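Subject: Structure for you to look at

Hello,

Here is the structure I said I would pass on. Please open it first, then read the notes that follow.

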Amino acid sequence: MIALALLLSWQVVYTEPHHPWLDLDHGTQFMDITATDARHAWAVGENQWGTDGHYSVLVRWNGYGWRRQSLPKKGAYLDLEKVDASRPDNVWVVGTDYEGGADGLLHYDGRRWRFLSLPLVHEAVALGGQRAWAFTDKHAWLYDGAKRQRFDVPIEAHAADALAENDIWAVGYTGGDHTQPAAAHWDGRAWTAVPVPPAPGEDVNDLTTVLAVSPTEVWAAGSTDNGPLLYRWDGTRWAAAVLRTEPITSLIRHHDRIWAADGKHLLRQTNQTGGRWLRNTPQRPITALASGGGRVWALSGKRILSIR
């Protein structure tokens with residue numbers, strides 16, 4: 001697939017400030033962003049200082065501006081890596097503690113944030129009510145508030161997306177030293193592995209982002225030691241897609257088009273049925289995208305951008 005030029009209007013709407021009172025402040029790195037409507041969006045990341053110090057960064061869009069959020073003590077010093085929301089009162093954040101091992105989830109119920117311990121958590125996807133799925137090594141945890149159930153998953157899941165309570169996709173990898181891309185599907189009863197064509201890389205092949213558009217259209221992307229990976233589900237099978245790009249780090253649907261970010265470029269399909277992709281090379285690298293309230297949000301280091 002050939003990428004053509006894409007013209008966009010960009011605006012930096014928030015920049016996490018420098019904190020001069022911290023020793024050797026290295027600045028903030030936003031990692032993920034989600035939005036439910038024009039008045040509710042969340043972005044997460046971390047701020048590093050010194051050699052091993054860091055604290056959690058979570059900001060919220062209220063329809064007028066981005067504001068820092070107060071977090072419980074156990075969630076205040078984590079790498080916040082993923083965020084997903086199904087509505088304004090059901091927001092889930094994945095927090096990793098690389099120094100102390102106190103990994104877990106942050107859940108917002110519309111009134112306050114609560115920390116829920118879950119070692120080695122990789123991903124969370126919000127459902128209806130107060131429910132969500134969270135993924136650890138070989139397991140998926142179905143949360144309903146603070147209550148949870150554990151299910152076996154036949155892959156190491158790094159990303160997930162839900163079409164319905166009984167139609168959820170998870171992607172990641174299988175294998176040990178030599179891994180291959182993998183996908184699993186939840187049908188309301190169990191997680192089942194769905195074959196993915198093997199990748200050409202000899203060592204590490206992993207899928208790290210997934211977008212479920214409909215039962216007959218799901219996209220999954222990641223990387224191999226030979227370059228990017230991109231697959232499309234057509235309702236029957238997974239097939240590899242060819243796109244000349246860097247490894248894709250984020251996939252969204254906006255105005256019935258698929259958008260992708262690869263750290264260097266922003267790409268968008270030309271029509272609803274696929275076909276060619278349009279390419280934009282922004283002044284700043286884009287690592288994550290979200291769609292909500294008629295706009296596209298994008299992350300670039302310590303900045304949040306709005307794309308019209």
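How many positive and negative side chains does the protein have, and how far apart do the centres of the two sets lie? There are 31 positive and 34 negative side chains, with 9 Å between the two centres.

Before the rest, some notes on the source. This is a predicted model, in which local features need pLDDT of at least 70 and side-chain atom pairs count only at pLDDT 80 or more, while totals for chains, interfaces and linings use all residues. Residues are numbered from 1 along each chain as its sequence is written, and side-chain values use heavy atoms, without hydrogens or water.

The overall picture

The protein has zero helices and 29 strands (DSSP runs numbered from the N terminus: H or I of at least four residues for helices, E of at least two for strands). Its radius of gyration is 19 Å, close to the 19 Å that the globule rule gives for 308 residues, so the protein is as compact as a globular protein of that length. The radius is taken over C-alpha atoms, and the rule is 2.2 Å times the number of residues to the power 0.38. The C-alpha trace spans about 50 × 45 × 35 Å along its principal axes. Of the 308 residues, 53% count as buried (under 20% relative accessible area; exposed is over 50%, partly exposed in between, with a 1.4 Å probe and protein chains only).

A buried Asp

D79 sits in strand 7, residues 79-87. D79 is buried but has no salt bridge (a side-chain nitrogen of Lys or Arg within 4 Å of a carboxyl oxygen of Asp or Glu). R68, the nearest side chain of opposite charge, is 12 Å away. Beyond its neighbours within four places in sequence, D79 is in contact (heavy atoms within 4.5 Å) with E46, H54, V94, G95, T96 and Y98.

Two residues in one loop

Most residues other than glycine have a negative phi. H255 is not a glycine, yet its phi is positive, about 55°. H255 lies in the loop between strand 23 (250-254) and strand 24 (257-261), and is exposed, with a relative accessible area of 58%. D256, found in the loop between strand 23 and strand 24, also has a positive phi, about 65°. D256 is partly exposed, at 39% relative accessible area.

Regards

Definitions and conventions:
Lys and Arg count as positive and Asp and Glu as negative; His and the chain ends are not counted. The place of a charge is taken as NZ of Lys, CZ of Arg, CG of Asp or CD of Glu.
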